Amino acid sequence: EQFELLDGSMIQFPYRIYFVDDDELYHRLSAQEERLIYHCIFTRSCDGHIREKHLRAILDVDYPEWCMPYILKLSAEYVVEILDIIYVSLKDKDNLLFQAFCQNNPYIFRYYHNRMISYWNEFYREQCYRYHDYVGYKLYKECLGYTRRNDSI
């Protein structure tokens with residue numbers, strides 16, 4: 001997938017990576033931007049614990065817009081604990097820039113929303129029968145700006 005940032009530049013990244021998360025390498029990175037790049041890369045790790053670790057690191061700072069595709073991508077995956085982390089981090093923030101980013105990428109946004117619903121239906125419907133109580137619904141509606149109107153794009 002390819003995402004368009006609000007300034008018109010494009011960003012694309014792999015679905016999964018199989019690199020070793022190297023703490024020694026990370027600590028040699030001096031610039032905040034280099035560290036954010038490292039965290040973003042490892043949100044695509046084949047290991048869910050590594051994805052979670054690096055997601056938390058991104059969410060703990062005032063991240064730039066180019067980090068948003070990595071966060072959004074994680075919202076469309078099957079790990080409900082990661083959805084919880086994103087929701088808790090975003091629910092009390094001003095998410096207008098994130099919502100603008102999502103509106104700027106309507107087809108991917110709708111596709112990811114549909115994936116999130118599909119994973120809820122397949123894996124979490126028994127534990128959370130009402131979709132409106134599911135953390136993924138809350139994340140997309142309250143934080144990312146999803147409305148029914150997004151479906152008509």
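Student: Which residues are linked with Arg16 in a network of salt bridges?

Tutor: In this predicted model, the network of salt bridges links Arg16 with Arg44, Arg51 and Glu77.

Student: Where is glutamate 77 found, and is it buried or exposed?

Tutor: Glutamate 77 is found in the loop between helix 4 and helix 5, and it counts as buried because its relative accessibility is 3%, with the cut-off for buried set at under 20%.

Student: What does glutamate 77 touch, leaving out residues up to four places away in sequence?

Tutor: With those sequence neighbours left out, glutamate 77 touches Arg16, Arg44, Arg51 and Tyr119. The side chains of glutamate 77 and arginine 16 are also joined by a polar contact of 3.2 Å.

Student: What is the N to O distance in the salt bridge between arginine 44 and glutamate 77, and which parts does the pair tie together?

Tutor: The side chains of arginine 44 and glutamate 77 meet at 2.8 Å, N to O. Arginine 44 lies in the loop between helix 2 (32–42) and helix 3, whereas glutamate 77 lies in the loop between helix 4 (68–74) and helix 5 (80–90), so the pair ties together parts that are 33 residues apart in sequence. Arginine 44 is buried, with a relative accessible area of 1%.

Student: How many salt bridges does the structure hold, and what does lysine 53 form with aspartate 21?

Tutor: There are nine salt bridges in the structure, and one of them joins lysine 53 to aspartate 21, with the closest N and O atoms 2.9 Å apart. This pair links distant parts of the chain, since lysine 53 is in helix 3 (residues 48–59) and aspartate 21 is in the loop between strand 2 (10–12) and helix 1 (23–28), 32 residues apart.

Student: Which residue forms a salt bridge with lysine 53 at 3.1 Å between the closest N and O atoms?

Tutor: That residue is aspartate 23. Aspartate 23 lies in helix 1 and lysine 53 in helix 3, so here the parts tied together are 30 residues apart in sequence.

Student: Are lysine 53, aspartate 21 and aspartate 23 buried, partly exposed or exposed?

Tutor: Lysine 53 counts as partly exposed at 38% relative accessibility, and aspartate 23 is partly exposed with a relative accessible area of 41%, whereas aspartate 21, at 17%, counts as buried.

Terms used: Residues numbered from 1 in each chain as written. Predicted model: local features only at pLDDT ≥ 70, side-chain atom pairs only at ≥ 80, totals over all residues. Heavy atoms only, no water. Salt bridge = Lys/Arg side-chain N within 4 Å of Asp/Glu carboxyl O. Helix = DSSP H or I, 4+ residues; strand = E, 2+ residues; numbered from the N terminus. Buried < 20%, exposed > 50% of the residue type's maximum accessible area, 1.4 Å probe, protein only. Polar contact = N/O pair within 3.5 Å; in protein donor to acceptor, adjacent residues only side chain to side chain. Contact = heavy atoms within 4.5 Å.
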